[in-house]
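Thanks for coming. I will go through one model today, from the chain as a whole down to a few single residues. Please have a look at it before I start.

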Amino acid sequence: MRLQRIVNVADARAAARRSLPAVVFDYIDGAADDEITMGQNTRAFGELSFRPRMAASTPSPDLSTTVLGTPVAMPVLLAPCGFVRAMHPDAGPGAARAAASRGTVSVLSTVAGSPVSEVARAAPGRVWFQLYSAGGRPAAEALMAQASAAGVSVLVVTLDTPALGNRERDIRHGVAAPLRIDARNAVHLGPQVLSRPGWVLRMARDGLFILGTRNASREVPAGTDVRAGPGPAESHEPVTPGGVARPAGHRPHAGRIPTMTASPFSWDDVSWMREQWTGHLVVKGLLSGDDARRALGCGSDAVIVSNHGGRQLDGAPATLKVLPEVAAAVEESGSGAEVYLDSGVRRGTDVAKALALGARAVLIGRPYLWGLAVGGQAGVERVLDIFQAELSRTMVLLGCAAVGELDRDWVQSSL
Ligand SMILES: Cc1cc2nc3c(=O)[nH]c(=O)nc-3n(C[C@H](O)[C@H](O)[C@H](O)COP(=O)(O)O)c2cc1C
């Protein structure tokens with residue numbers, strides 16, 4: 001597909017649906033339970049209206065800002081996402097190169113599928129690393145050491161995944177989590193996989209057709225092996241959001257629903273990480289002013305208002321709705337910490353609304369994954385270009401000269 005025919009993020013989603021087997025498309029697209037929070041994330045942006053100013057526009061508005069001291073050409077970052085190698089072989093390095101080529105930053109997930117050293121090398125100074133609680137402090141320490149050795153200076157700690165959200169689309173495909181296509185479910189998945197020969201070819205070239213087996217060691221940090229979830233008897237084992245972290249070589253049964261009872265991060269762990277990590281520390285997954293204050297109390301330099309794109313607790317509030325509360329808490333702290341938002345950002349107008357309500361920048365998840373699925377690195381660049389063009393036009397139509405000027409005066413006071 002010619003990328004120029006993708007005019008907006010919805011087009012990218014439709015194109016991804018055409019190019020991916022349903023099991024992979026649904027892994028990206030799906031959310032928890034009844035997917036209520038996911039729907040509310042996007043609707044919240046639609047419910048907020050602007051207060052544009054007439055005869056005040058600048059032809060080339062300034063979209064640039066900084067995130068924790070790093071200059072970015074626009075306030076749109078790539079969110080950490082797992083298993084991106086199943087979408088396109090360009091994967092984490094491709095997404096990182098795309099972000100860098102558009103002057104922004106990508107956050108590499110613990111379970112993205114590429115080593116942090118490889119991804120950091122692809123885009124020096126423009127890769128942050130996201131940490132999950134798999135394996136407790138020893139694993140966290142090892143991961144932090146790897147990220148630090150790779151030259152990463154920003155650590156993002158995700159707190160909203162003490163258990164994996166109930167992703168029923170994955171369960172129906174018989175893959176549960178992590179995304180796993182192997183001999184056990186190949187027959188069941190065969191028709192949908194074979195109906196996407198382009199994807200099969202790409203994956204075969206990448207040597208990743210059997211996900212979670214041959215190249216599994218590249219999906220997770222050294223020393224751990226993310227597999228399908230355990231049965232109840234194994235529920236004491238350390239888990240990752242993708243399943244169980246075990247010594248490489250262990251082969252659990254595929255297809256069972258993960259039981260997530262391992263030790264999730266506590267605020268004490270966040271304080272401990274603050275002592276271990278010399279760079280900037282960001283806490284991801286907060287939805288209240290109280291938790292923002294806790295994060296700042298632990299020494300966080302920034303917080304990400306996020307409900308994981310609705311993939312964790314269904315019924316969690318839309319992030320735009322709680323952004324003002326979090327932004328006020330951070331402002332009152334006088335800490336100078338930064339506030340970012342993700343979940344449901346699909347348009348340049350959404351970016352402007354989030355900034356108006358107190359975010360310094362937003363992160364996008366599914367939009368860039370759809371671009372990646374369709375065109376690898378170039379597909380991600382296409383999506384970022386769409387955001388850039390839409391945000392620029394929004395600023396002109398608003399009559400606002402620079403993203404740094406956006407505040408509550410630019411939106412109706414309904415929130
Ligand atoms: C397929 C997929 C995988 C994800 N994996 C992770 C992950 O490994 N770590 C993490 O902190 N968040 C993960 N997220 C959540 C994103 O970082 C982000 O919070 C979310 O996608 C934002 O919502 P959006 O997709 O509506 O833009 C994932 C999201 C998706 C869609």
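Among contacts between residues at least 6 apart in sequence, 71% join residues at least 24 apart. Contact here means heavy atoms within 4.5 Å. This is a predicted model, where local features need pLDDT of at least 70, side-chain atom pairs count only at pLDDT 80 or more, and totals for chains, interfaces and linings use all residues. Residues are numbered from 1 along each chain as its sequence is written, and side-chain values use heavy atoms, with hydrogens and water left out.

The chain has 415 residues, and 61% of them are buried. For burial, the terms are buried for under 20% relative accessible area, exposed for over 50%, and partly exposed in between, with a 1.4 Å probe and protein chains only. The accessible surface of the chain is about 15800 Å², and carbon and sulfur atoms account for 52% of that. Those areas come from the Shrake-Rupley method with a 1.4 Å probe; for residues, only the protein chains shown count as cover. The chain contains 14 helices and 13 strands. Helices (H or I, at least four residues) and strands (E, at least two) are DSSP runs, numbered from the N terminus.

Now the ligand. Which residues come nearest to the ligand? Of the 25 residues around it, they are Pro-80, Ser-109, Thr-158, Asp-342 and Arg-346. A residue is near if one of its heavy atoms lies within 4 Å. By type, the shell divides into 10 nonpolar, 10 polar and 5 charged residues. In that count, Ala, Val, Leu, Ile, Met, Phe, Trp, Tyr, Cys and Pro are nonpolar, Asp, Glu, Lys and Arg are charged, and the others, Gly among them, are polar. Helix H2 (22–29) and helix H14 (366–398) each supply at least two shell residues, and H14 gives the most, with 3.

Next, polar contacts, meaning pairs of N or O atoms within 3.5 Å; within protein, one must be able to donate a hydrogen and the other to accept it, and residues adjacent in sequence count only if both atoms are side-chain atoms. Tyr-132 has a polar side-chain atom 2.8 Å from a nitrogen atom of the ligand, and for Gln-130 the distance from a polar side-chain atom to a ligand nitrogen is 3.1 Å. In Ser-306, a side-chain N or O atom is 3.4 Å from an oxygen atom of the ligand. The protein covers 98% of the 600 Å² of accessible area that the ligand has on its own.

On to helix H9, residues 197–206. Its buried residues include Trp-199, Arg-202, Met-203 and Asp-206. Seen down the axis, the buried residues of H9 fall within an arc of 95 degrees, so they line one face of the helix. The arc is that of the directions from the helix axis to the C-beta atoms. Pro-197, Leu-201 and Arg-205, on the other side of H9, are exposed. After H9 comes Gly-207, with a positive phi near 70 degrees.

Two residues other than glycine also have a positive phi. Asp-33, with phi of about 45 degrees, sits in the loop between H2 and H3. Its relative accessible area is 36%, so Asp-33 counts as partly exposed. Ala-91 has a phi near 45 degrees and belongs to helix H4, residues 91–101. Is Ala-91 buried or exposed? Ala-91 is buried, at 1% relative accessible area.Last, Gly-46, in helix H3, residues 36–47. Gly-46 counts as exposed because its relative accessibility is 62%. Its C-alpha atom is 9.4 Å from that of Thr-349, 303 residues apart along the chain.
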